[in-house]
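I open a new page in the notebook. The plan is to go through the model part by part and write down what I look up.

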Amino acid sequence: MKITGDQQLIKKMNKRIVLDTIRKQQPLSRADISSAIGLNKATVSSLVSELIESQLVTEIGPGESSGGRKPTLLLFNRSAGHAIGVDIRVNDLLMILVDLEGNVIQEKTVPLTDCSPENVLNQMRKHITLLGKKAPASPYGIVGMGIGVPGLVDEENKVVSSPNLGWNNISLYDSLSTLFGDNIHIDNEANAGAIGEKLFGAGQDSANLIYLSIGVGIGSGIIVKGELYRGTSNFSGEVGHMTIAEDGPLCRCGNRGCWETLASEKALLDRAAVLWEDSRPNLEEIIIQAKTGHETAIALLEELGSHLGVGLANLINILNPELIVIGSRLSLAGDMLQDAMLRTVESRSLSYHRKKTNVTFAALGIRSTALGAASMPITSFLADPDVTVASSSSL
Ligand SMILES: [Zn+2]
């Protein structure tokens, strides 16, 4: 019998649904899958056989019987391949190697003294290759990689602008795909962080959430009904340039009083450099001083918490999110600025809007972006379970 294009497409879609069901509800039997998705048992069995053959699914011992023969249970083979996630930050590169369920197998932080695209690419090529070599043997090898960049990334994977790195129109994809294959995803670091927290962290149960990445600047990834909101040009979420003080400090974007001139890590450090006079403490030092009772440090973090709260109140009023997750560097100071931040949110947001909104700090710490980035090639790989991976042999 000749299989038509439509039938092939339907089969592929059904196979994907079966695989998704196993991933989300494992361990479960073929009969469980059949009743969960409404496909008949023969079709499910045939698709499961193909998934077992391709080593994406494995069988484990029998489960509980509801009378009759005990069914064999199925598991997603999370070690069938691995992916790499990269978070390009101003001072360093964070790179992780994960299995297909996002469990971190290896991690490497490389300091960046030179942010030029050439140096960052060289460091990435070198350390991605090293990470790839540390991956346990698996049927599919390295299935791809995802990269979070602090800047604007267009639909074609191109970094249009990254003021903090000093980059304009840089095509990381072209430079990396010749070495590592084409399953490479490049995205804004806050978008990647939002996906990371949604899939693996604080946002797993929230359909509508905002992830705030607060470091040198402030960026956000906005998830609406489980999907990232990208805007018309893929540039959504630049909440750091929301004006919160009409005549406030001059921002690098040319505007005055942007949120990030008052509530980012850079804003905190600039202010500390003035107050401390004799030294330029970093974020970690300010946190330690605040915890040991240093009054200026405590006041500084409270002031920052209050500035954060002003922007949060705006976001809550406009988007009515279920959850706001604060990630990246400033999450390190979470417990020191939380009270002032929540007090400001309470006094400035509309009561009906904030009623169901929770504000929390990233569950994945500083790994939100790297994990979200690593999940992107995995999602593409699993969307087409018949995919053959060209990049695995090159690592
Ligand atoms: Zn600005």
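**Entry 1, domains.** I note at the start that I am working with a predicted model. I looked up how the chain is divided. I find domain 1 at 5-76 and domain 3 at 202-363. Domain 2 is written in two pieces, 82-193 and 375-394.

I asked how far apart the C-alpha centres of domain 1 and domain 2 lie. The value is 32 Å. I then looked up who takes part in the contact. Domain 1 gives 11 residues and domain 2 gives 10 residues. Next came the buried area. Together the two domains bury about 990 Å². Carbon and sulfur atoms carry 63% of that area.

I searched for salt bridges between domain 1 and domain 2, and the rule gives 1. I also looked up a salt bridge between the side chains of Lys-12 and Asp-384. Its N to O distance is 3.6 Å. The cut-off is 4 Å, so this pair passes. For polar contacts across the interface of domain 1 and domain 2, I get 2 residue pairs, both at pLDDT 80 or more.

Which helix gives the largest share of the side of domain 1 that touches domain 2? I find helix α1, residues 5-25, with 5 residues.

I moved on to an open sheet of 3 strands. The order reads β7-β8-β9, and the pairing is antiparallel. At the edges I find β7 (152-153) and β9 (167-170), each pairing on one side only. I checked β7 against β8, residues 159-162. They are antiparallel and share 2 bridges. For Val-153 I looked up the bridge partner in β8, and Val-159 is listed.

**Entry 5, the sheet with β11.** Here I traced an open sheet of 5 strands. I read the order as β13-β12-β11-β14-β15. What is the pairing in this sheet? It is mixed. The edge strands are β13 (227-228) and β15 (358-361), and each of them pairs on one side only.

I then followed β11 (209-214) to β12 (218-224). The two run antiparallel, with 6 bridges between them. I picked Leu-212 and looked for its partner in β12. The bridge goes to Ser-220.

Conventions:
Residues numbered from 1 in each chain as written. Predicted model: local features only at pLDDT ≥ 70, side-chain atom pairs only at ≥ 80, totals over all residues. Heavy atoms only, no water. Pairing = 2+ DSSP bridges. Helix = DSSP H or I, 4+ residues; strand = E, 2+ residues; numbered from the N terminus. Domains from an automatic or database assignment. Contact = heavy atoms within 4.5 Å. Buried area = accessible area lost by both parts, 1.4 Å probe. Polar contact = N/O pair within 3.5 Å; in protein donor to acceptor, adjacent residues only side chain to side chain.
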